[in-house]
Amino acid sequence: MADTAVDTGRGAGNTGRRGFLRKTFLHNVPAKIAALPMMATVLVVFIGCTIWTVYYSFTNSRLLPSGDFIGFEQYERLFGTSRWNVSVWNLVTYGAMSLVFTLGFGFLLAVLMDQKIRFESAFRTIMLYPFALSFIVTGLVWQWIMNPTLGLQGTMRNLGWESFTFDWIANPRMVLFALLIAGLWQGVGFCMVLMLAGLRGVDEEIWKAARVDGIPTWRTYISVVIPMMRGVLVTAVVLIGSGIVRLYDLVVALTNGGPGISSEVPAKYVYNYMFGAGNIGQGLAAATMMLLTVLIIMVPWAYLEFGGKGRRS
Amino acid sequence: MSQTATMTGPAPDTHTKVESGPRGPRPKPFFTPQKIIIYSILVFFTLYFLFPLYVMLVTSFKTMPEIRFGNIFALPSQISFDAWVKAWTSACTGLTCEGLAPGFWNSVKITIPSTIVSIFIAAVNGYALVNWRFKGSEIFFSILIFGSFIPYQVMLYPLVMITRELGIFGTLQAVILIHTIFGMPILTLLFRNYFASLPQELFKAARVDGAGFWRIFFEIMLPMSLPIFVVALILQVTGIWNDFLFGVVFAGTQNLPMTVQLNNIVNSAQGTPEYNVNMAATVLTGLVPLIIYFVSGKLFVRGVAAGAVKG
């Protein structure tokens with residue numbers, strides 16, 4: 001390989017069949033060998049396993065995968081199951097609330113942190129530490145805090161506030177808000193850090209110009225700064241969104257889907273049908289629906305980000 | 001001084017200080033209404049973020065009679081380490097009563113090799129993608145990044161079958177393999193961006209001198225990339241330590257990581273729940289990532305923000 005050009009890819013123009021073969025297969029052999037794990041991951045896991053799952057979601061696999069095609073029957077059964085429908089509804093409700101509040105609080109805190117305040121690094125350290133913790137830890141702490149008898153509610157009642165009610169974790173109508181409190185506790189700090197990086201990336205001159213023109217600060221944020229932070233905002237939405245679709249550990253730790261099925265989520269449905277109930281076909285159909293959700297979010301984003309110009313630089 | 005005096009005319013204090021006093025713009029008073037609003041909001045959120053940590057610690061040092069008294073704010077009347085000892089050595093998971101210690105060691109056994117293997121492979125990937133591009137390498141990379149958004153549940157069952165075929169399902173090797181696979185997109189992105197930021201002349205000079213793929217990697221690239229290795233290390237150790245799903249699916253009952261053990265202790269133990277033991281166990285599980293977080297400081301921020309840096 002010593003005779004290949006220093007720069008890779010665009011070597012000397014020796015054309016012809018041998019040259020083509022050399023360029024395609026023999027060029028850069030050590031690099032290709034080194035990249036084998038990556039190629040295997042892409043081909044076998046990200047492409048292969050995904051196709052396998054979609055394919056077998058159309059079969060009547062139960063304890064073991066089977067090849068009997070039954071068309072959309074698994075999907076019909078899926079959307080006829082109240083537990084699945086509750087899961088989807090929960091994910092949509094929780095997802096919308098979580099996205100709005102994480103972005104909102106994250107942005108608010110970033111703006112406040114950007115006002116040349118004192119103790120900035122102390123504030124940041126405190127806001128971000130929950131992000132270092134496991135969802136299991138987060139879920140269990142909040143489960144204890146929200147414990148109706150001995151947690152916050154019990155404490156307040158013992159202290160004399162008899163009507164204080166904070167039983168969200170045991171209340172089917174409020175349990176998603178319990179989940180939201182724990183989820184925000186873990187995620188807002190990270191969103192703040194992202195947004196702060198975006199705010200710091202805005203040129204100081206723009207602020208000066210806006211001040212000279214007498215534009216109020218809030219107006220500058222909305223009309224100038226936020227549009228300039230589009231990149232960071234899109235990244236934040238994609239990261240938060242893909243985290244929401246994956247939501248699993250937090251639910252397992254905080255409520256385990258309860259009370260009843262009122263806080264079930266799709267990822268938990270998949271797990272329970274695949275490994276608990278021994279109904280693989282159902283699990284695969286549910287997983288395929290999760291994939292579809294992600295694609296619906298991702299494809300427009302990918303198209304907007306990379307599609308227009310053909311290839312990214 | 002005269003300039004500031006004319007600009008801030010009505011302020012009386014600037015006129016009185018005529019001696020060679022402080023220069024530059026007049027310091028703003030600390031307690032403006034605006035500042036008060038800013039700091040109150042920040043302090044409110046700080047309380048929200050700190051409250052669970054406080055409750056966790058306080059509860060873990062109490063005795064059960066004191067907890068039944070029902071005041072989660074109160075400090076323990078006397079500090080008791082019984083809950084910590086029990087959480088570590090003898091808390092019950094519903095199956096066994098060995099405490100968290102086995103889970104801790106399982107997590108260590110999972111985290112160390114997974115971290116090393118995944119970082120090494122990703123570093124090589126990033127290096128190959130930047131300096132040794134080949135036909136299709138960018139396509140593989142794009143699919144890798146896009147693939148990182150596929151929910152794990154989609155690939156879970158086929159991976160169970162693959163690891164079963166390989167004869168490693170339910171062993172440490174399986175968890176290590178899975179962590180390596182799913183850590184690859186973000187780490188590869190991290191290393192690719194870092195290597196792309198290094199001056200290309202170094203690589204070209206080494207290439208002219210006849211150094212090959214691995215020699216350049218080990219002797220030139222690695223010594224220059226210590227900072228990014230530390231970032232990757234932080235990212236992987238906390239990420240793998242905190243994992244729940246892969247541990248519960250792939251590790252097998254003998255190798256369950258600490259997070260799974262913790263959840264079993266709290267959520268599937270029989271009998272009356274011991275909240276002090278639960279909270280001690282929770283603190284213990286969160287301790288490793290917390291120590292890493294507080295020690296690493298800004299590097300942690302870089303690590304977690306790595307996903308936000310687009311290539």
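The model is predicted: local features need pLDDT of at least 70, side-chain atom pairs count only at pLDDT 80 or more, and totals for chains, interfaces and linings use all residues. Residues are numbered from 1 along each chain as its sequence is written, and chains are lettered from A in the order in which they are written.

**Chain A overall**

Chain A has 15 helices and zero strands. Helices (H or I, at least four residues) and strands (E, at least two) are DSSP runs numbered from the N terminus. Of the 313 residues of chain A, 39% count as buried. A residue is buried if 20 or more other C-beta atoms lie within 10 Å of its own, exposed if 12 or fewer, and partly exposed in between, with C-beta atoms placed from the backbone. Two residues are in contact if their C-beta atoms, placed in that way, lie within 7 Å. Among contacts in chain A between residues at least 6 apart in sequence, 67% join residues at least 24 apart.

An automatic or database domain assignment divides chain A into domain 1 (17-73) and domain 2 (80-307). Taken over C-alpha atoms, the centres of these domains are separated by 33 Å. Contacts between them involve 11 residues of domain 1 and nine residues of domain 2. On the domain 1 side, four of the touching residues are nonpolar, six polar and one charged. In these classes, Ala, Val, Leu, Ile, Met, Phe, Trp, Tyr, Cys and Pro are nonpolar, Asp, Glu, Lys and Arg are charged, and the others, Gly among them, are polar.

Leaving out residues up to four places away in sequence, Ala286(A) touches Leu78(A), Trp84(A), Pro266(A), Tyr269(A), Val270(A) and Tyr273(A).

Helix α5 (residues 82-113) and helix α12 (residues 230-246) of chain A have axes that come within 10 Å and cross at roughly 145 degrees. Axes are lines fitted to C-alpha atoms, for helices over the stretch in contact, and angles run from 0 to 180 degrees between N-to-C directions. Residues of α5(A) in this contact include Gly95(A), Ser98(A) and Leu99(A), and those of α12(A) include Ala236(A), Val237(A) and Ile240(A). By class, the contact has six nonpolar, four polar and no charged residues.

**Contact between the chains**

Chain B places 76 residues in contact with 79 residues of chain A. Helix α3 (residues 33-60) of chain B gives the most to the chain B side, with 12 residues. That side has 51 nonpolar, 20 polar and five charged residues.

**Loop residues of chain A**

| Residue | Phi | Loop |
|---|---|---|
| Lys116(A) | about 50 degrees | between α5 and α6 (120-128) |

Pro259(A) lies in the loop between α13 (249-254) and α14 (266-276). A cis peptide bond, with omega about -5 degrees, joins Gly258(A) and Pro259(A).
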